[in-house]
Amino acid sequence: MTISRRLAVFAALNGALAVLIGAFAAHGAGPQVKTLLTTGAHYQMVHAVLALICAAWPGRDRLVVVAGWLAAAGGLVFCLALSAVALLSLTAMGAIAPIGGVLMIGAWLLIAYAALRTQITAG
């Protein structure tokens with residue numbers, strides 16, 4: 001099996017950051033910022049796992065690797081935007097969060113397309 005190492009490393013670092021932000025939300029954040037941090041960390045973690053799956057996708061489909069990068073980058077952008085709003089009161093960053101959302105949606109759509117066009121055989 002061939003794996004996209006750069007994508008796997010980026011996804012793993014995203015996962016670690018998601019845990020750090022989630023832990024801070026649970027144990028150190030005030031009630032006003034907890035929801036934003038928790039939401040951002042959740043989306044980032046889900047998309048870090050998705051990116052890892054894409055990195056190890058059978059057949060090393062280029063579309064799936066692109067989807068993995070979109071998922072990892074989208075999760076990171078979304079989480080960092082919400083974190084900036086919550087921790088730094090940079091409300092303008094709320095306008096950046098949808099960019100991360102669009103990247104994440106794009107990732108899911110590319111994976112759906114790749115899955116539809118791929119012949120999967122049981123072995």
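In this predicted model, Asn-14 is in contact with Gln-44, Ala-48, Ala-72 and Leu-76, its neighbours within four places in sequence being left aside. Asn-14 lies in helix α1, which spans residues 5-27. The residue is buried, because its relative accessibility is 3% and the cut-off for burial is under 20%.

Two of the helices were examined as a pair. Helix α3 covers residues 62-88, and helix α4 covers residues 97-117. Their axes come within 7 Å. The crossing angle is roughly 160 degrees. Angles over 145 degrees count as roughly antiparallel, and α3 is therefore roughly antiparallel to α4. The crossing of α3 and α4 is left-handed. The contact of α3 with α4 involves 19 nonpolar residues, five polar residues and one charged residue.

The cysteines were considered next. A disulfide is a covalent bond between the sulfur atoms of two cysteines. The count of disulfides in the model is zero. For Cys-54, the closest cysteine sulfur is that of Cys-79, at 19 Å. A disulfide requires the two sulfur atoms to be within 2.5 Å, so the sulfur of Cys-54 is too far from that of Cys-79 for a bond. Cys-79 is likewise in no disulfide, the nearest cysteine sulfur being that of Cys-54, 19 Å away.

Cys-79 has a relative accessible area of 0% and is buried.

Technical notes: Residues numbered from 1 in each chain as written. Predicted model: local features only at pLDDT ≥ 70, side-chain atom pairs only at ≥ 80, totals over all residues. Heavy atoms only, no water. Buried < 20%, exposed > 50% of the residue type's maximum accessible area, 1.4 Å probe, protein only. Axes fitted to C-alpha atoms, helices over the stretch in contact; angles between N-to-C directions. Helix = DSSP H or I, 4+ residues; strand = E, 2+ residues; numbered from the N terminus. Parallel < 35°, antiparallel > 145°, perpendicular 65-115°, else oblique. Left-handed = near helix turned anticlockwise from the far one by under 90°. Nonpolar A, V, L, I, M, F, W, Y, C, P; charged D, E, K, R; others polar. Contact = heavy atoms within 4.5 Å.
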